[in-house]
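Me: I would like to learn how to read the features of a fold. Let us take them one at a time.

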Amino acid sequence: MWNKAFFLTLLLVFSSSWALAFPADLPGTWQGEEQGVHFAKTKKVNPDAVPEFVDTTLVLRIDKQKGARFYGTLQRDGVSRTVVGIADAEGNLTLVGDKGTYTGRLTPSGELALTFTLSDFTDIYLGSSILQKH
């Protein structure tokens, strides 16, 4: 019986400290390069349109975090947009703004790996980036 109680106490201590480690401390400025593929679906404007490769700088500024929830601004192509997000206990993140959704994860080395998807009436875009906190 004593061994069982000791084991459960250890399990509780380790699981509590693990849970406190996530979500990570996200506020600050994260920056990196995004590589993407863009396709403008406006065939009426240009019937010969083909997808194009895009390379751009991405800056994510997380202003405020409360537990797993956070918000801030995302800047790409010189335009800043408000994003809201949430993190889970495994370090996975989802950010949503008015121009699409980023999904990603915190890597063991402390980087933020993100994938961006946008599909609306005029555009299709898929991008990937690795951001470092500055």
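Me: How many aromatic pairs does the count come to?

Reply: First, the ground rules. This is a predicted model, where local features need pLDDT of at least 70, side-chain atom pairs count only at pLDDT 80 or more, and totals for chains, interfaces and linings use all residues. Residues are numbered from 1 along each chain as its sequence is written, and side-chain values use heavy atoms, with hydrogens and water left out. Rings of Phe, Tyr and Trp (its six-membered ring) pair if their centres lie within 6.5 Å; planes under 30 degrees apart are stacked, over 60 edge-to-face, the rest tilted. By this rule there are two aromatic pairs. F116 and Y125 form a tilted one, at 5.7 Å centre to centre and 55 degrees between the planes. Y102, F116 and Y125 make up one aromatic cluster.

Me: Are F116 and Y125 buried or exposed?

Reply: Buried means under 20% relative accessible area, exposed over 50%, and partly exposed in between (1.4 Å probe, protein chains only). Both F116 and Y125 are buried.

Me: Which way do the side chains point along strand β6?

Reply: In a regular strand the side chains alternate between the two faces of the sheet. Strands here are DSSP runs (E, at least two residues), numbered from the N terminus. In β6 (residues 100-106), G100, Y102, G104 and L106 point to one face and are buried.

Me: What joins β6 to β5 and β7?

Reply: Strands of a sheet pair through backbone hydrogen bonds, either parallel or antiparallel. Two strands count as paired if DSSP finds at least two bridges between them. Six bridges join β5 (residues 92-97) to β6, antiparallel. V96 has T101 as its bridge partner in β6. Six bridges also link β6 and β7 (residues 112-119), again antiparallel. There, T101 has T117 as its bridge partner in β7.

Me: Which hairpins does β6 form?

Reply: β5 and β6 form a hairpin with two residues between them. The hairpin of β6 and β7 has five residues between the strands, and G110 takes a positive phi near 90 degrees.

Me: What does the whole strand order form?

Reply: A closed barrel of eight strands, running β1-β2-β3-β4-β5-β6-β7-β8 with antiparallel pairing. The twist averages 25 degrees from one strand to the next. (Axes are lines fitted to C-alpha atoms; angles run from 0 to 180 degrees between N-to-C directions.)

Me: Why does T56 count as buried?

Reply: T56 is found in β2. T56 counts as buried because its relative accessibility is 8%.

Technical notes: Helix = DSSP H or I, 4+ residues; strand = E, 2+ residues; numbered from the N terminus.
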